[in-house]
Amino acid sequence: MGSHLSEKLVMEGHEVICLDNFYTGSKANVAHLLSHPNFELLRHDVTFPLYVEVDQIYNLACPASPIHYQRDPVQTTKTSVHGAINMLGLAKRTNARILQASTSEVYGDPEVHPQEENYWGRVNPIGIRSCYDEGKRCAETLFFDYWRQNNTEIKVVRIFNTYGPRMHPADGRVVSNFLVQALMGQDLTIYGDGSQTRSFCFVDDLIDGMIKFMNLPAEITGPMNLGNPTEFTILELAEKIIQITNSNSKILMHPLPLDDPKQRKPDISLASTLIGWNPITDIESGLIKTMAYFENVIKESRK
Ligand code: UDP
Ligand code: UDP
């Protein structure tokens, strides 16, 4: 997401300092921006302080795929919590406006459907997803306390499942797993019976919404949901991907991981009212663009 955001901001004429600790990110994703005079790449981990001069901050830092954020769960919480404190400290000192990429995970395994922003969520505080969910929830707390205590200009967006080109082929999330499996002729791994639902947003739509929200008047803080409300079961997604890739792959059921939310779909009325935002990329066109990306990655890896 960060590479797409950087690209769009550079193209709009802004100067961008892009930070990455490369835990899950890849330099290849911003290689095409390195020679641009308005773009600068820093290897930096947001759990450490950073002194630069900026007027807007987008805090997207944190591994987001369960297999990655569960590998070092303590570091995951630190990234969200210490990262938020450092970035909020930076915003406070420079009087910058700061946007937090929060997540639909703050709703946990929801009993309200679809999820609207005033729903407080149902999150297990001690489970294997907690490092991510509670880290992101605490980051939201810090954002609203810096806003109340220091008048820091904040924007909090809750991002629902997003996919697109530049995802790592081994990212572990469902869209990338299924596309790579289908293209390689491997079985598609469904966790559980595939009846759980998700709503998938194409990355370009998401970035468009995020930038629009960032530039709203100061008094609008969010939290605001961003995502595509078209909901699918994971089984439907698997079937769609087999069809789009024209693959002979079969479906293989694996055990469902603990605390895996059963359903998820954003209520985006707020985004629609505030920024006139509605995702415009349907799942077929989004998957076709993402498939083209992975086909190329697979081709390059075979050279
Ligand atoms: N911080 C930072 N860059 C800055 C200003 C602050 O990384 O430009 C960090 C700093 O290390 C501090 C944190 O942000 O630990 C919170 O800063 P704040 O001013 O809110 O708190 P204080 O420094 O008073 O604890
Ligand atoms: N999932 C799956 N097969 C995979 C990867 C994920 O069935 O190879 C399921 C997963 O259990 C979850 C859904 O797909 O129910 C979305 O998983 P993902 O990790 O993409 O996102 P999140 O669970 O954070 O929404």
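A salt bridge is taken here as a side-chain nitrogen of Lys or Arg within 4 Å of a carboxyl oxygen of Asp or Glu. In this predicted model, the count by that rule comes to 18 salt bridges. One of them joins the side chains of Arg-137 and Glu-134, with an N to O distance of 3.4 Å. Arg-137 and Glu-134 are three residues apart in helix α4 and are therefore separated by about one helical turn. Arg-137 is partly exposed, at 28% relative accessible area, and Glu-134 is likewise partly exposed, at 26%.

A further salt bridge pairs Lys-240 with Glu-284, the closest N and O atoms being 2.8 Å apart. Because Lys-240 lies in helix α7 and Glu-284 in helix α9 (residues 283–301), the pair ties together parts that are 44 residues apart in sequence. Lys-240 counts as buried, at 18% relative accessibility, whereas Glu-284 is partly exposed, at 33%. Elsewhere, Glu-105, Arg-129, Arg-198, Asp-260 and Arg-264 are joined into one network by salt bridges that share partners.

The largest nonpolar core comprises 50 residues, and Met-210 and Leu-287 have the most contacts inside it. Helix α6 (residues 203–214) supplies the largest share of this core, seven residues. Beyond its neighbours within four places in sequence, Leu-287 contacts residues including Tyr-163, Leu-179, Lys-240 and Ile-244. A second, separate core of 19 residues includes Val-52 and Leu-88.

Helices α5 (residues 174–183) and α7 (residues 234–245) have axes that come within 9 Å and cross at roughly 40°, in a right-handed crossing. Among the residues that meet are Phe-178 and Leu-179 in α5 and Leu-237 and Ile-241 in α7. The residues of this contact comprise ten nonpolar, one polar and no charged.

How values were computed:
Residues numbered from 1 in each chain as written. Chains lettered and ligands numbered in written order. Predicted model: local features only at pLDDT ≥ 70, side-chain atom pairs only at ≥ 80, totals over all residues. Heavy atoms only, no water. Core = buried A, V, L, I, M, F, W, Y, C linked by side-chain atoms within 4.5 Å. Buried < 20%, exposed > 50% of the residue type's maximum accessible area, 1.4 Å probe, protein only. Helix = DSSP H or I, 4+ residues; strand = E, 2+ residues; numbered from the N terminus. Contact = heavy atoms within 4.5 Å. Axes fitted to C-alpha atoms, helices over the stretch in contact; angles between N-to-C directions. Left-handed = near helix turned anticlockwise from the far one by under 90°. Nonpolar A, V, L, I, M, F, W, Y, C, P; charged D, E, K, R; others polar.
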